[in-house]
Amino acid sequence: MSVEWFTNEKEKYATIYESSITLNTVATNYFKNAYSTVIGFDKENNNLLIKPISKEEVDVRNISSDDLHPISIKPSFGRITGKNIIKKLILYFPIDFKNSKSHKYICEWSNEEKLLKILLEREIK
């Protein structure tokens with residue numbers, strides 16, 4: 001008999017709006033102790049990357065405040081606001097907000113890189 005057992009692991013999701021990125025509770029858990037975040041784009045895999053940053057990392061690595069994106073943590077979600085983030089994202093990966101005000105994507109946490117990957121090619125419709 002070949003059995004594959006199901007896990008209780010909850011999915012991580014991010015919803016992208018024209019002016020913000022909202023993370024569900026499961027995805028937000030990785031940012032609970034973050035001072036701020038840095039955001040980048042993986043051109044090779046079409047992933048939006050969000051990395052939690054501690055206050056110590058900001059000081060040691062001398063990260064400019066212009067490179068930081070604050071995250072608001074609420075009981076049921078986390079949110080990073082900023083139209084400029086979305087404008088920069090659209091330069092790399094087109095998202096159409098004319099037909100839909102929001103777009104929901106599956107996320108993955110990378111333990112190795114300590115960052116959240118929003119898998120833009122895996123939109124949930």
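Here is a short chat about the predicted model shown above.

Visitor: What kind of model is this, and what pLDDT do local features need?
Guide: Residues are numbered from 1 along each chain as its sequence is written, and side-chain values use heavy atoms, with hydrogens and water left out. The model is predicted: totals for chains, interfaces and linings use all residues, side-chain atom pairs count only at pLDDT 80 or more, and local features need pLDDT of at least 70.

Visitor: How many helices and strands are there in the protein?
Guide: Helices (H or I, at least four residues) and strands (E, at least two) are DSSP runs, numbered from the N terminus. Along the sequence they follow the pattern β-β-α-β-β-α-β-β-α-β-β. The total comes to three helices and eight strands.

Visitor: What is the radius of gyration of the protein?
Guide: The radius is taken over C-alpha atoms, and the globule rule is 2.2 Å times the number of residues to the power 0.38. For 125 residues that rule gives 14 Å, and the protein's own value is close to it, so the protein is as compact as a globular protein of that length. The radius of gyration is 15 Å.

Visitor: Which strands are the edge strands of the sheet?
Guide: Two strands pair if DSSP finds at least two bridges between them. Eight strands form an open, antiparallel sheet in the order β3-β4-β8-β7-β1-β2-β6-β5. Two of the strands pair on one side only, and these edge strands are β3 and β5 (72–73).

Visitor: In β4, what is the bridge partner of valine 38?
Guide: β3 (36–42) and β4 (47–53) pair in the antiparallel sense over seven bridges. They form a hairpin with four residues between them, and asparagine 46 in the turn has a positive phi of about 55°. Glycine 40 has leucine 49 as its bridge partner in β4. For valine 38, the partner in β4 is lysine 51.

Visitor: How many of the residues of β3 are buried?
Guide: Buried means under 20% relative accessible area, exposed means over 50%, and partly exposed lies in between (1.4 Å probe, protein chains only). Across the protein, buried residues make up 38% of the 125 residues. β3 is mostly covered, and its buried count is five of seven.

Visitor: Which residues are exposed on the face of α3 turned away from its buried side?
Guide: Helix α3 spans residues 83–92, and Ile85, Ile86 and Leu89 are buried in it. Seen down the axis, these buried residues fall within an arc of 90° (taken from the directions from the helix axis to the C-beta atoms), so they line one face of the helix. They pack against several strands, including β1 (13–17) and β2 (20–24). The face turned away carries Lys83, Asn84, Lys87, Lys88 and Leu91.

Visitor: Which residues touch the most other members of the largest nonpolar core?
Guide: A nonpolar core is a set of buried Ala, Val, Leu, Ile, Met, Phe, Trp, Tyr and Cys residues joined through side-chain atoms within 4.5 Å. The largest one has 23 residues, and the elements giving two or more residues to it are β1, β2, β4, α3, β7 (102–110) and β8. A second, separate core of five residues includes Val38, Ile53, Val58 and Ile63. In the largest core, the residues that touch the most other members are Ile16, Ile21, Leu23, Leu89, Ile118 and Leu120.

Visitor: Leaving aside neighbours within four places in sequence, which residues is isoleucine 118 in contact with?
Guide: Contact means heavy atoms within 4.5 Å. Isoleucine 118 belongs to the largest nonpolar core. With those sequence neighbours left aside, its contacts are Ala14, Ile21, Asn46, Asn47, Leu48, Ile50, Tyr105, Ile106 and Cys107.

Visitor: How far apart are the closest N and O atoms of glutamate 57 and arginine 61?
Guide: A salt bridge is a side-chain nitrogen of Lys or Arg within 4 Å of a carboxyl oxygen of Asp or Glu, and the whole structure has four. Glutamate 57 and arginine 61 both lie in helix α2 (residues 55–61), four residues apart, about one turn of the helix. Glutamate 57 is partly exposed at 26%, and arginine 61 is partly exposed at 49%. In their salt bridge, the closest N and O atoms are apart by 3.5 Å.
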